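Here are my notes for someone opening this one for the first time. Have a look at the structure, then read on.

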Amino acid sequence: MKGSLPGLSRKRSASRTSSDPASSSGDVFLAGAPVVLVSGIVPDRYDPAETPLQELRRLVETLNASPVAEITQNLKAPVPASFVGAGKINEIKRSASALAARAVVFDNELTPAQQRNLENSLNLRVVDRTELILEIFALRARTSQARLQVELARHEYMLPRLRRRWTHLERQTGGIGVRGGMGEKQMEADRRRIQRRVRDLKRELARIDLRRRREVSSRGEFYTVGLVGYTNAGKTTLINALTGSSLFAEDRLFATLDTRTRLCRLGGGLEILVSDTVGFIKRVPHSLVESFLATLEEARSADLLLHVVDASEPAFRHQMEAVEEVLEEIGASDIPALVVFNKMDAVGDGIIARNFLWRRHDAVAVSALAGTGLDELRSAIRNEIVSSAPEFHVDVPLADGKAIHFLLTRGAVIHSDTDETANLMRMIVKMPRHIFDHFRRRFPHIPPLGGGAGA
Ligand code: GDP
Ligand code: MG
């Protein structure tokens, strides 16, 4: 059992001295398992072009589980004890047993009691939407900060559900060894251990957060672009395509950058930083948005956001709305954004995407995989700087190569000429004010000649 279905076997093989109940990491949750998908309440706003469980199916497939049946019901309100009613539970049970399903995945958030009661009636693992999204985040977490955040969120999810785990185990083992007081005692020990770990994790995350804030602000000397987008839109593929080999490992500054922030050359000498962020998902439970806020710091501190959209996805408009909602929630909706329609190679005759693109003047069409449209994207970013950043006039002594280099690489130079008699390079450059402020601090002997209007 272990190894083949580790996400499931976690409970079955659990012994009282087993590893931490809240961390299944290292194992692939539900991988390979046939699962039944259930929606008890269909959300108000779902794409009418989609079936209600289409998105859940994709999320489950992300974890390599195989949906074998879809059961929906549109309740006005959940049944308090078990979310869905007895009739529905029987239907799920019949279907799960006919198709040898190993777990039931709900598109809704379940209370610990509902989840426990459902597991008891179905005699199957029951996963709710929060747990599913947590597992996807766990799969995608790359930085140590993201991994710790996932661990913390998992523990917090697990705490009120310990009883469920123990009831389940009791049933699995026929109650041997975990009967009565014994189970209670173990549960109490688990609870204390998890609470201790939660405290440690919070402390460690606070420390990382502080260090990260310093890092992010030290990047203030570069124009920073944050990639946001629905999960699977192609953000990581795009950052790789855009930055390719332009990473300077030996440069002092880049020692402090994590793997998800990279240097990108826009042409004309201009260098910017591009940061990847976690993928966004529809209806992210609020508790999860809270715990991942710090990871989204990258997006919040960007000069420009690239909203990456999978144009080959029929529900792309709803995915865009979901992303816009999260941006609103994290306070990033005022940051200028360009829409990037990705996967254009897979759109084919996708009339809808093409029409939409045609109407959005702020959209650029690319294929991160095929490498098409990237030059257009680079010039769209440059145009954004030219059209919206304030303008600064500076006369730099010709001998001051470092200052000239700074201005040439960190902003869009819209005019420069050399005054041989005065030994000066007269420059007009457009850059966000925070970059110019950095220039002033670094080269205090060079006086600005005004400009900066409209900043
Ligand atoms: P992320 O979750 O937004 O970071 O998405 P990824 O970069 O991990 O990409 C998700 C999937 O989409 C991967 O299988 C990529 O190979 C695929 N993908 C990314 N860009 C393109 C593209 O331009 N065209 C096609 N056909 N597939 C792409
Ligand atoms: Mg990614």
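The points below go from the overall picture to the salt bridges and then to the ligand.

1. Ground rules. This is a predicted model, in which local features need pLDDT of at least 70, side-chain atom pairs count only at pLDDT 80 or more, and totals for chains, interfaces and linings use all residues. Residues are numbered from 1 along each chain as its sequence is written, chains are lettered from A and ligands numbered from 1 in the order in which they are written, and side-chain values use heavy atoms, with hydrogens and water left out.

2. Overall make-up. The protein has 16 helices and 14 strands; these are DSSP runs numbered from the N terminus, with helices being H or I of at least four residues and strands E of at least two. Of its 455 residues, 53% are buried. Here buried means under 20% relative accessible area, exposed over 50%, and partly exposed in between, using a 1.4 Å probe and protein chains only.

3. Contacts and surface. Take the contacts (heavy atoms within 4.5 Å) with a separation of 6 or more: 71% of them are between residues 24 or more positions apart. The accessible surface comes to about 20600 Å², and carbon and sulfur atoms hold 51% of that. Areas come from the Shrake-Rupley method with a 1.4 Å probe, and for residues only the protein chains shown count as cover.

4. Salt bridges in general. Side chains of opposite charge can pair when their charged atoms come close. The rule used here asks for a side-chain nitrogen of Lys or Arg within 4 Å of a carboxyl oxygen of Asp or Glu, and the count comes to 22 salt bridges.

5. A bridge between a helix and a strand. Arginine 57 pairs with glutamate 70, and their closest N and O atoms are 2.8 Å apart. Because arginine 57 sits in helix α2 (residues 54–62) and glutamate 70 in strand β2 (residues 66–72), the pair ties together parts that are 13 residues apart in sequence. Both ends are partly exposed: arginine 57 has a relative accessible area of 28%, and glutamate 70 has 34%.

6. What separates arginine 191 from glutamate 188? They are three residues apart in helix α8 (residues 181–218), so about one helical turn lies between them. Arginine 191 is partly exposed at 24%, and glutamate 188 is partly exposed at 31%.

7. Arginine 265 and glutamate 271 form a salt bridge, with 3.1 Å between the closest N and O atoms. Arginine 265 is partly exposed, at 37%, whereas glutamate 271 counts as buried at 10%. Elsewhere, Glu55, Asp107 and Arg129 are joined into one network by salt bridges that share partners.

8. Around ligand 1. The shell has 16 residues, and the closest are Asn232, Lys235, Thr236, Thr237 and Asp345; a residue is in it if one of its heavy atoms lies within 4 Å of the ligand. Helix α9 (residues 235–243) gives the most, with three residues. By class there are five nonpolar, seven polar and four charged residues.

9. Oxygen atoms of the ligand lie 2.9 Å from a side-chain N or O atom of lysine 343, 3.1 Å from one of serine 367, and 3.0 Å from a backbone N or O atom of alanine 368. On its own ligand 1 has 580 Å² of accessible area, and the protein covers 75% of that.

Definitions and conventions: Polar contact = N/O pair within 3.5 Å; in protein donor to acceptor, adjacent residues only side chain to side chain. Nonpolar A, V, L, I, M, F, W, Y, C, P; charged D, E, K, R; others polar.
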